[in-house]
Amino acid sequence: MPESVRLALAVAAKDVRLELRSKTSLMSALVFAALVLVVFNFARDPTGVSTRDLAPSVLWVTLAFSSLVALNRAFIVERENAALDGLLLAPLPREALFLGKYLANLVFVAVVQGVTLPLFVLFFNLALGRALPGIVAVTALATAGFVAVGTIFSAMAVRTRFAELMLPVLLLPFMVPPLIAAAQATSRLLAGRPLSELQGWLSFLGLYDVAFITLCTLAFGAVVDE
């Protein structure tokens, strides 16, 4: 195993262990997601818009904002006892540090999404059936890109006075393109449309992931050294 990958996995494992001890970020995100679904469930008018038409937008609004709650903790935990300075002084490549934080954030967001999706099906009484594998694939594609952007913006915002408020302001504009693509793809999956109608949106999500994961990896060193 390459040394940089081993170091990245060590950083990710450290973050996962810290979160498992406190569970504050995950519990906050899960409670937030459940509350959003409850509000949407009781606010919708079943006679006005069909559940199947409303479902993609509700799902992705819930996933987006609950993911933001989970991403907020990426570097905030490193402020205590100047832990971030210790990480930056360690013989650790900046790319490995970014990859470790990115992998940990992916785990946290995936856990939140893994709990949110069954709750969404329960509240809206949707039978996903054959659409489920496609929705999981779309969710993975959309998540991979904006988590990378969220990781680097979390590093930028952590030294500011209002880090918790800065991250949503910075990240939300970059989340809009993948969220639109994911909602469109989800809508077509729920409607049982052919795969050819999804290819454009899936290609866009793949290009977004490759572009922003690469850019964030390359720019991370400059961001944390400033």
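Thr-186 counts as buried, because its relative accessibility is 1%; here buried means under 20% relative accessible area, exposed over 50%, and partly exposed in between, with a 1.4 Å probe and protein chains only. This residue has its place in helix α8 (residues 163–190), where helices (H or I, at least four residues) and strands (E, at least two) are DSSP runs numbered from the N terminus. The model is a predicted one, so to speak of local features a pLDDT of at least 70 is needed, side-chain atom pairs count only at pLDDT 80 or more, and totals for chains, interfaces and linings use all residues. Residues are numbered from 1 along each chain as its sequence is written, and side-chain values use heavy atoms, with hydrogens and water left out.Turning to charged pairs, a salt bridge is a side-chain nitrogen of Lys or Arg within 4 Å of a carboxyl oxygen of Asp or Glu. By this rule the model holds four salt bridges. One of them links Lys-101 to Asp-15, with the closest N and O atoms 3.0 Å apart. Lys-101 lies in helix α6 (residues 94–124) and Asp-15 in helix α1, so this pair ties together parts that are 86 residues apart in sequence. Both partners are buried, and Asp-15 is assigned to that class because its relative accessible area is 0%. Asp-15 also forms a salt bridge with Lys-14, where the closest N and O atoms are 2.7 Å apart. Lys-14, in turn, counts as partly exposed because its relative accessibility is 23%. Through shared partners, the salt bridges join Lys-14, Asp-15 and Lys-101 into one network.

Helix α1 (residues 3–22) also contains Glu-3 and Arg-6, three residues apart, which is about one turn of the helix. These two side chains form a salt bridge as well, and their closest N and O atoms are 2.4 Å apart. Glu-3 counts as partly exposed because its relative accessibility is 44%, and Arg-6 falls in the partly exposed class because its value is 43%.

What angle do α6 and helix α7 make where they pack? The angle between α6 and α7 (residues 131–157) is about 140 degrees, with the axes 9 Å apart. Axes are lines fitted to C-alpha atoms, for helices over the stretch in contact, and angles run from 0 to 180 degrees between N-to-C directions. This makes α6 oblique to α7, given that angles under 35 degrees count as roughly parallel, over 145 as roughly antiparallel, 65 to 115 as roughly perpendicular and the rest as oblique. The loop between α6 and α7 contains Leu-128, which is buried because its relative accessible area is 12%. Between the C-alpha atoms of Leu-128 and Arg-21, 107 residues apart along the chain, the separation is 34 Å.

Leu-35 lies in helix α2 (residues 24–43) and counts as exposed because its relative accessibility is 52%.
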